[in-house]
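Colleague: Could you walk me through the aromatic contacts here? I have a few questions ready.

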Amino acid sequence: QVQLVESGGGLVQAGGSLRVSCAASGRTFGSYDMGWFRQAPGKEREFAAAITWSGSTTYYADSVKGRFTISRDNAKNTVYLQMNSLKPEDTAVYYCAASLTRLTWGRSSIPNSYDYWGQGTQVTVSS
């Protein structure tokens with residue numbers, strides 16, 4: 001069992017930066033591939049980024065590529081999403097998720113590929 005707790009959300013102006021974090025419980029965090037998804041009001045949950053257990057491979061949605069960076073610190077049981085050049089359309093609740101099985105590019109963007117989810121943190125980008 002893994003519990004995920006997101007933090008770091010808030011209000012930021014367009015063009016600004018924000019880093020959200022996801023702290024995981026359990027001793028086996030280093031064996032999970034991790035992902036970040038987001039959900040705006042009235043929209044489906046969409047993939048943002050994912051990272052393999054070692055941090056050696058990352059995947060990004062086209063909408064965030066070049067602006068967002070996913071990283072992890074297995075010693076701290078934490079995964080991060082650094083968000084730069086934020087746009088109003090990035091406004092959403094951001095969720096982290098853990099996968100027990102290895103993520104490929106195709107699987108990383110599918111919510112059902114993940115086994116555990118956090119409760120989310122709100123990110124609001126004002127214009």
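**Rings and charges**

Modeller: Let me start with Phe29: the charged end of Arg72 sits over its ring, 4.6 Å from the centre. For such a contact, NZ of Lys or CZ of Arg must be within 6 Å of the ring centre and within 35 degrees of the ring normal. This is a predicted model, where local features need pLDDT of at least 70, side-chain atom pairs count only at pLDDT 80 or more, and totals for chains, interfaces and linings use all residues. Residues are numbered from 1 along each chain as its sequence is written, and side-chain values use heavy atoms, leaving out hydrogens and water.

Colleague: Thanks! Which residue's ring does Arg45 lie over?

Modeller: Arg45 is placed over a ring face, 3.8 Å from the ring centre. That ring belongs to Tyr95.

Colleague: What kind of aromatic pair do Phe47 and Trp105 form?

Modeller: Rings of Phe, Tyr and Trp (its six-membered ring) pair if their centres lie within 6.5 Å; planes under 30 degrees apart count as stacked, over 60 as edge-to-face and the rest as tilted. Phe47 and Trp105 are 6.2 Å apart, centre to centre, with 70° between the planes. The pair is therefore edge-to-face.

Colleague: Is Phe47 buried or exposed?

Modeller: Buried means under 20% relative accessible area, exposed over 50%, and partly exposed in between (1.4 Å probe, protein chains only). Phe47 has a relative accessible area of 8%, so Phe47 is buried.

Colleague: And how does Trp105 count, at 45% relative accessibility?

Modeller: Trp105 has a relative accessibility of 45%. Trp105 therefore counts as partly exposed.
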